[in-house]
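Open the model in your viewer and keep the sequence panel beside it. The stops below say what to select next and what is there.

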Amino acid sequence: MGLERKKLNVLTHSSVACFRRCPREYKYRYVMLRRVRAGDEAPALKFGTLMHAAMAEWWKHRIGGAAGCALDMGLRPLCGQGDPYERAKAQELLIAYDAYWDDSPLGTHLHVIGVRVEQEFAAPILSPLGKPSLRYVYAGKVDAVVTALVQPDRLTQLVVEHKTTSEDPSPETHYWEMAAVMDPQVTGYLDAYPGAEMLYDVIRKVDLRPGKATPEDRRKYRKDGGLIASQRAEDETPEEYQVRVREEIKGHPEKYFHRGRIVRLSRDSAQHRADLWLTCLLIDDALEVDGFVRHPHSCVRYSRLCEYFDVCSGQTSIDSDDRFRTADRPHEELSAEISEKGEGA
């Protein structure tokens with residue numbers, strides 16, 4: 001999928017969501033290109049990145065290949081990466097995911113013809129009158145695009161989107177209802193692949209914390225000298241923690257793995273395009289007068305302060321190279337060709 005080779009300003013789901021959440025954050029991240037240095041990201045984002053790398057390899061080798069090979073390849077990006085407890089959690093989730101969807105990685109009645117992993121796209125942003133923007137283009141990278149034959153003779157295209165979440169993603173919850181009806185990322189990706197359906201693939205994070213040694217001044221002992229059952233003399237090792245995570249997932253697999261096919265109606269797409277067009281106008285206005293206002297209600301995300309909070313509150317400078325680096329392009333998750341120029345993939 002591509003566009004004429006024109007240099008356009010690129011918007012992605014992440015950058016649009018950032019502007020809508022807090023224009024000042026958008027200025028720092030996408031105009032000034034100042035990003036926090038590696039290691040300072042929110043733990044939830046680090047875990048999502050870890051799982052994303054593993055899932056990309058799993059899908060690349062699972063469709064049309066042997067399941068064992070897919071699991072081996074999916075585990076490789078996790079080797080030696082990140083916090084050992086988070087790594088143990090990611091490994092057990094991937095192993096259980098592989099087993100849970102072993103018989104039907106895409107669903108019944110589908111014969112897979114081809115799969116493309118980490119597929120980039122660039123698509124026009126249309127006005128309410130259907131005119132393409134001369135300043136902006138919408139781009140992104142989908143986790144996988146699968147071409148399959150629906151028995152007996154109909155071709156279909158599935159856009160696969162992986163998610164990890166700490167929320168309950170079961171079908172009766174608001175999490176799933178939001179994805180099924182209004183999530184702008186889903187709509188934007190399906191607009192970029194007309195006629196496709198989305199396979200929304202969600203993994204719930206295991207909410208178990210590693211056991212820590214009980215502080216000396218809080219320890220309680222039994223008559224035989226041992227600690228009471230709820231207390232520990234030493235920190236739980238990553239290996240012990242991994243066994244506990246394994247047993248938790250094994251006992252409740254339906255709690256952790258959910259999939260569903262999502263489509264969008266024409267009215268949904270029309271509303272999304274109108275929202276996106278208006279967002280472009282707001283970004284233009286902010287750029288013209290440097291009007292990137294702060295949104296204090298957005299300062300806390302993932303149970304921690306925004307990474308730019310100290311800048312907005314005057315405690316540090318956005319120019320501090322100890323805290324921030326300058327990115328080489330606005331959208332580091334995309335290739336330089338699309339991120340910098342908006343050229344078609």
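Select Glu 118, which sits in strand 3, residues 110-126. The model is a predicted one. Glu 118 has a phi near 55°, a positive value in a residue other than glycine. Most residues other than glycine have a negative phi. With a relative accessible area of 27%, Glu 118 is partly exposed.

Now zoom out to the whole chain. Its secondary structure comes to 12 helices and 10 strands. The C-alpha atoms fill a box of roughly 80 × 65 × 35 Å along the principal axes. Of the 345 residues in the chain, 44% are buried. The accessible surface comes to about 18,400 Å², and 51% of that belongs to carbon and sulfur atoms. Among contacts with a separation of 6 or more, 73% are between residues 24 or more positions apart.

Next, select helix 1 (residues 13-21) together with helix 2, which covers residues 23-31. At what angle do helix 1 and helix 2 pack? The angle is about 140°, and the axes are 5 Å apart. That makes helix 1 oblique to helix 2. To see the contact, show Ser 14, Ser 15, Cys 18, Phe 19 and Arg 21 in helix 1; they meet Pro 23, Glu 25, Tyr 26, Arg 29 and Tyr 30 in helix 2.

Stay here and display the side chains of Arg 21 and Glu 25, which meet in a salt bridge at 3.0 Å, N to O. Glu 25 is buried, with a relative accessible area of 4%. In the chain, the count of salt bridges comes to 24.

Select Lys 27 and Asp 290, whose side chains meet in a salt bridge at 3.1 Å, N to O. Asp 290 lies in the loop between helix 10 and strand 8 and Lys 27 in helix 2, so the pair ties together parts that are 263 residues apart in sequence. The loop holding Asp 290 runs between helix 10 (266-289) and strand 8 (300-301). Is Asp 290 buried or partly exposed? Asp 290 is partly exposed, with a relative accessible area of 48%. Its phi, near 50°, is a positive value in a residue other than glycine.

Go back to helix 2 and select Val 31, which is located in that helix. Val 31, Met 32 and Leu 287 make a nonpolar surface patch of about 210 Å². Val 31 is partly exposed, at a relative accessible area of 40%.

Then select helix 7 (residues 184-192) and helix 10, whose axes come within 10 Å and cross at roughly 105°. Helix 7 and helix 10 are therefore roughly perpendicular to each other. Pro 184, Thr 187, Gly 188 and Asp 191 of helix 7 make the contact with Asp 268, Ser 269, His 272 and Arg 273 of helix 10.

Arg 204 counts as buried because its relative accessibility is 18%, and the cut-off for buried is under 20%. Leaving aside neighbours within four places in sequence, Arg 204 is in contact with residues including Leu 93, Glu 167, Asp 168 and Tyr 256.

Finish at Asp 224 and Arg 222, whose side chains meet in a salt bridge at 3.2 Å, N to O. Asp 224 counts as exposed, at 60% relative accessibility, whereas Arg 222 is partly exposed, with a relative accessible area of 42%.

Definitions and conventions
Residues are numbered from 1 along each chain as its sequence is written. This is a predicted model: local features need pLDDT of at least 70, side-chain atom pairs count only at pLDDT 80 or more; totals for chains, interfaces and linings use all residues. Side-chain values use heavy atoms; hydrogens and water are left out. Patches are made of residues with over 30% relative accessible area and no salt bridge: like charges are joined within 9 Å, nonpolar side chains (Val, Leu, Ile, Met, Phe, Trp, Tyr) within 5 Å. Accessible areas come from the Shrake-Rupley method with a 1.4 Å probe; for residues, only the protein chains shown count as cover. A salt bridge is a side-chain nitrogen of Lys or Arg within 4 Å of a carboxyl oxygen of Asp or Glu. Helices (H or I, at least four residues) and strands (E, at least two) are DSSP runs, numbered from the N terminus. Buried means under 20% relative accessible area, exposed over 50%, partly exposed in between (1.4 Å probe, protein chains only). Axes are lines fitted to C-alpha atoms, for helices over the stretch in contact, and angles run from 0 to 180 degrees between N-to-C directions. Angles under 35 degrees count as roughly parallel, over 145 as roughly antiparallel, 65 to 115 as roughly perpendicular and the rest as oblique. Contact means heavy atoms within 4.5 Å.
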